[in-house]
Amino acid sequence: MSTSPKPVRVLVVGCGNMGASHATAYHNFEGFEICGIVSTGKSKEVLNEKLGGGYALYSDYAEALQATQPDAVCISTYPDTHEAFAVMAFEHGCHVFIEKPVADTVEGAKRVVEAAVKANKKLVVGYILRHHPSWEKFVELAQTLGKPLVMRMNLNQQSHGYMWDVHRNLMKSLSPIVDCGVHYIDVMCQMTRSKPVWVSAIGARLTDDIPAGNYNYGQLQIRFEDGSVGWYEAGWGPMMSETAFFVKDVVGPKGCVSIVAKDAGGAGKSDNVDAHTKTESLRYHHADIDENNAFTKPDEWINLTDEPDHQELCNREQAYFLKAIVEDVDLTDHMADAVNSLQIAFACDESVRTGEVVRL
């Protein structure tokens, strides 16, 4: 019997919602071994206890990197630290799993990718929807609808309690359409596989609880080279409406596909992280009509039985990270897509601030 390869020793940096989920995946994964947990506050103690204790805890990232000499680093801190932390990890010869966005500027994201290439190490970005079978199916079916496509998506969150703390912290460095929008911009780019040519966006600051230059509601529009168009809307805060907060829809000449989240779309669920990725059902409508303009085919309901919850999606992301390391997967396209979606999101941010259309 062959001996199994040595586990990848990973340093977990950031222990909030995503960091804790990734740490749980590492803890339960034979291919990984957590060599340390880093956070500035008490969250590392809470996470350590949740995982059964015994992990080395650090308040300072640079110190932890030096002390543990990991093979890989998982970065789930606030976006303003992403670039510096990732570059430092690559300079230490580590592979990096990083929560999106790669950095809080496009230039920063490009520097992170350059550091990965220079170190010849893997950089996997947390585009969680790419690991969800129903979202993969959504993209696949979108590609059967002909061109151009009309893509309509939103995720408005009536955040309160702990989630409002999380959102306010995120808005110290990013707007909702950048932080959340990168996922859906990435989905639109996968659906069209066409080059975005211009973006336009609007935003509103509905609370004094966030920095003066930022906004907690935003809506963006993208036009692609092939004539496809898409919009995405994101709002965060206790004032947000839960009417039509969950729209995931794509229309083409041959019909449309929609994610119908009957349960996740229920009242009081808009700031529930588990509900955000829930798809429950895909509704596939065919535009084909006969001489009397009657539809020739009924709508199809596609219920994928493989409906992973938030933790299972994180497990799949980490399985992909491990595969990338062990099998030396070429991540050139993965990294380019991560920079591209961020570039588009920041162009939308610029449009909100200037009131102008931004050409890409």
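Tutor: The side chains of Asp-337 and Arg-193 form a salt bridge, with 3.7 Å from N to O; the term denotes a side-chain nitrogen of Lys or Arg within 4 Å of a carboxyl oxygen of Asp or Glu. This pair joins distant parts of the chain, 144 residues apart: Asp-337 belongs to helix α12, and Arg-193 to the loop between α9 (181–192) and β8 (196–204). Helices (H or I, at least four residues) and strands (E, at least two) are DSSP runs, numbered from the N terminus. The model is predicted, and local features need pLDDT of at least 70, side-chain atom pairs pLDDT 80 or more, whereas totals for chains, interfaces and linings use all residues. Residues are numbered from 1 along each chain as its sequence is written, and side-chain values use heavy atoms, with hydrogens and water left out.

Asp-337 also meets Arg-130 in a salt bridge between their side chains, at 2.9 Å from N to O. Because Arg-130 lies in the loop between β6 (123–125) and α6 (133–142) and Asp-337 in helix α12 (residues 332–354), this pair ties together parts 207 residues apart in sequence.

As to accessibility, Asp-337 is buried at 17% relative accessibility, Arg-130 is partly exposed at 24%, and Arg-193 is exposed at 56%. Here buried means under 20% relative accessible area, exposed over 50%, and partly exposed in between (1.4 Å probe, protein chains only).

A network of salt bridges links Arg-130, Asp-186, Arg-193 and Asp-337. The structure as a whole holds 16 salt bridges.
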